[in-house]
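Open the model in your viewer and get ready to select residues by number. We will go from stop to stop, and at each one you will learn what to click and what is there.

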Amino acid sequence: MAISARKFSELVERIAPLSCAYDWDNSGLTLYQHDHVERVFVCLDITPETLQEAAERGCDTVLSHHPLLFSAQKKFSCAAPVDQLFLQAVRAGFNLYAAHTSYDCAPGGLNEHLAKLLGLEERRSLVAQNWDEQGEMASGIGVIGAYEAALSPAEFAEKVKKALDLPVLRMADSGRKIRRVACVGGAGSEFLAEAAKAGADAFLTGEVKHNYYAEAQVLGMTLVEAGHYDTEKIFVRAMREGLQNAQNELNSKIEVMCPQRKKRSYEFC
């Protein structure tokens, strides 16, 4: 049963409220072409392959984690790769919705799912951003949690590889046991110092700039770089489950589809 684009936005925002998003971000309905939402394709990134699969499966709306356009644009050119994708979405008649930092920072959002996948207990937000009228945290970035028994850095690396189905990762080994771990999916290396202040023995994120490896050595922390894609690929499953739960609460029925052809945009050689 189809719902309106406004109703669909409300559905997503029960899981990923726009009030949780950063000001620089472009979460929300980024392309509105019609008011008939019935078949939704959920993906991490908008690529030629995801748009093609969404079209082949008869979808009318694409819900991605990363927005295709981050800022206002005055001109579009078929010679620019991102513009090509946007125009492809327009020609296909898709609505586009992005749940980016609105989901990253939402309570129970992407980083909570990442921490659960890593097996962390005693989980709490790493950096609180906003509070509600009752003084409860309304949004925050990252999660810090703990293991019941401490692990060596090598044991922790193996746990991460198994949890994220990774053949390899990059790690700066502190040489000390790890019990408390902070994690921020995607590009979160700037939160390394916050992780140290919170008492983390290790910090895991998707992308790490070179200087943060040196900073980790000074802080005496193990730093793990597990890949932007691999720390956020859980978005698809988590968002699909969240939408299903929200639909049950609102007595709504739309079909939510996940990619059948999932792959990284790069290979390990």
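Start by selecting Glu225, which is buried, with a relative accessible area of 14% (buried means under 20% relative accessible area, exposed over 50%, partly exposed in between, with a 1.4 Å probe and protein chains only). Before you move on, note that this is a predicted model, where local features need pLDDT of at least 70, side-chain atom pairs count only at pLDDT 80 or more, and totals for chains, interfaces and linings use all residues. Residues are numbered from 1 along each chain as its sequence is written, and side-chain values use heavy atoms, with hydrogens and water left out.

Glu225 and Arg170 form a salt bridge, with their closest N and O atoms 2.9 Å apart (a salt bridge is a side-chain nitrogen of Lys or Arg within 4 Å of a carboxyl oxygen of Asp or Glu). This pair links distant parts of the chain: Glu225 is in strand β10 (residues 222-225) and Arg170 in strand β7 (residues 170-172), 55 residues apart. Helices (H or I, at least four residues) and strands (E, at least two) are DSSP runs, numbered from the N terminus.

Next, select Glu122 and Arg180, another salt bridge, with 4.0 Å between the closest N and O atoms. Glu122 sits in strand β5 (residues 121-131) and Arg180 in strand β8 (residues 178-184), 58 residues apart. Which of the two is exposed and which is buried? Glu122 counts as exposed at 51%, whereas Arg180 counts as buried at 19%.

Go to helix α1 (residues 5-13), where Arg6 and Glu10 lie four residues apart, about one turn of the helix. Their side chains meet in a salt bridge of 2.5 Å, N to O. In total, the structure has 13 salt bridges.

For the last stop, select Tyr103 and Phe235. They form an edge-to-face aromatic pair, 5.7 Å centre to centre with 75° between the planes (rings of Phe, Tyr and Trp, using its six-membered ring, pair if their centres lie within 6.5 Å; planes under 30 degrees apart count as stacked, over 60 as edge-to-face and the rest as tilted). Tyr103 lies in helix α4 (residues 101-104) and Phe235 in helix α10 (residues 235-250), so the pair ties together parts that are 132 residues apart in sequence. Tyr103 is buried at 1%, and Phe235 is buried at 0%.
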